[in-house]
Amino acid sequence: MLAFFLRAAFAMLGLWLTTGWLKGLHFDDAQTLVLAALLLGVINAVVRPLVVILTLPITLLSLGLFLLVINAAMLSLVAWLLPGFHIDGFGTAVFASLIVSLFSWVASGLLGGSNIQIKIHRR
């Protein structure tokens with residue numbers, strides 16, 4: 001569960017940085033940013049694997065480039081479900097998903113991936 005919240009925090013930071021780099025992506029307030037990161041985590045855990053399996057032939061034919069479209073679609077789905085999160089176009093969604101994915105990937109790599117464990121030593 002801790003790994004999910006850490007990944008959501010990375011996604012939130014990536015989304016926040018992306019709002020400064022792309023003009024077509026913005027949030028109404030900080031609460032919407034937090035909710036968008038959590039919702040993106042849930043959608044990536046539940047919906048994205050199903051979409052990847054259903055579009056596997058297209059993904060293989062495009063040598064994996066269709067995954068950019070899938071990531072953009074997941075980000076657009078979050079924007080559609082969450083009032084206060086706005087994406088102006090699909091191109092903006094593609095670039096935003098690319099930035100957020102790269103940022104989350106680098107941050108997860110620096111922390112050791114999904115095998116994050118906290119050990120409590122008692123004396």
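Student: Which residues touch the most other members in the largest nonpolar core?
Tutor: In this predicted model, the largest nonpolar core has 22 residues, and Leu 15, Phe 27, Ala 36, Leu 75, Phe 85 and Ile 87 touch the most other members.

Student: And which elements give two or more residues to this core?
Tutor: Those are α1 (2–21), β1 (25–27), α2 (30–54), α4 (66–81), β2 (85–87) and α5.

Student: Which one gives the largest share?
Tutor: That is α4, with six residues.

Student: Let's pick one of those core residues. What does Phe 85 touch?
Tutor: Leaving out residues up to four places away in sequence, Phe 85 touches Leu 15, Leu 25, His 26, Phe 27, Thr 32, Ala 36, Leu 75, Val 78 and Ala 79.

Student: Okay, stepping back. How many helices and strands does the chain have?
Tutor: The chain has five helices and two strands. Along the sequence they follow the pattern α-β-α-α-α-β-α.

Student: How much of the chain counts as buried?
Tutor: Of its 123 residues, 31% count as buried.

Student: What share of the contacts comes from residues 24 or more positions apart?
Tutor: Taking contacts with a separation of 6 or more, 65% are between residues 24 or more positions apart.

Student: Now α1. What is its reach from first C-alpha to last?
Tutor: Helix α1 has 20 residues and reaches 29 Å, close to the 28 Å expected at 1.5 Å a residue.

Student: Which residues of α1 are buried?
Tutor: The buried ones are Ala 8, Phe 10, Ala 11, Gly 14, Leu 15 and Thr 18. Seen down the axis of α1, the buried residues fall within an arc of 160°, so they line one face of the helix.

Student: What is exposed on the other side of α1?
Tutor: Trp 16 and Gly 20 are exposed there.

Student: Back to α4. How does its span work out at 1.5 Å a residue?
Tutor: The 16 residues of α4 should span 22 Å, and its end C-alpha atoms are 23 Å apart, which agrees.

Student: Which residues in α4 are buried?
Tutor: Ile 70, Asn 71, Ala 72, Met 74, Leu 75, Val 78 and Ala 79 are buried in α4.

Student: What about Leu 81, where is that?
Tutor: Leu 81 is in helix α4 too. With a relative accessible area of 44%, Leu 81 is partly exposed, since that value falls between the 20% and 50% cut-offs. Not counting residues up to four places away in sequence, Leu 81 touches Leu 39 and Ile 43. The C-alpha atoms of Leu 81 and Ala 36 are separated by 9.3 Å, though these residues are 45 apart along the chain.

Student: New topic: what is the volume of the largest pocket?
Tutor: The volume is about 540 Å³.

Student: How many residues line the pocket, and which lie nearest its centre?
Tutor: The largest pocket is lined by 19 residues, and Ala 11, Leu 40, Asn 44, Ser 101 and Ser 104 lie nearest its centre. Four helices, α1, α2, α4 and α5, each supply at least two residues of the lining.

Student: Tell me about Leu 40. Buried or exposed?
Tutor: Leu 40 counts as buried because its relative accessibility is 8%, and the cut-off for buried is under 20%. Leu 40 is in helix α2.

Student: What does Leu 40 touch?
Tutor: Setting aside residues up to four places away in sequence, Leu 40 touches Ala 11, Met 74, Leu 75, Val 78 and Val 100. For Leu 40 and Val 78, which are 38 residues apart along the chain, the C-alpha atoms are separated by 6.2 Å.

Student: Over to α5. Where does Thr 92 lie, and what does it touch?
Tutor: Thr 92 lies in helix α5, residues 90–111. Thr 92 touches Leu 22, Gly 24, Leu 25 and Ile 87, again not counting residues up to four places away in sequence. At 18% relative accessibility, Thr 92 counts as buried.

Student: And Ala 107, buried or exposed?
Tutor: Ala 107 counts as buried, at 10% relative accessibility, and its place is in helix α5. The C-alpha atoms of Ala 107 and Gly 14 are separated by 9.6 Å, and the two residues are 93 apart along the chain.

Student: Last one: what is phi of Leu 63?
Tutor: Phi of Leu 63 is near 60°, a positive value in a residue other than glycine. Leu 63 lies in the loop between α3 (56–61) and α4, and at 79% relative accessibility Leu 63 counts as exposed.

Key. Residues numbered from 1 in each chain as written. Predicted model: local features only at pLDDT ≥ 70, side-chain atom pairs only at ≥ 80, totals over all residues. Heavy atoms only, no water. Buried < 20%, exposed > 50% of the residue type's maximum accessible area, 1.4 Å probe, protein only. Contact = heavy atoms within 4.5 Å. Core = buried A, V, L, I, M, F, W, Y, C linked by side-chain atoms within 4.5 Å. Expected span 1.5 Å × (residues − 1). Arc of directions from axis to C-beta. 1 Å grid on protein atoms, 1.4 Å probe; cavity = no way out; pocket = protein on both sides within 12 Å on 5 of 7 lines; lining within 4 Å. Points joined across faces, edges and corners; volume = space filled by probe spheres on them.
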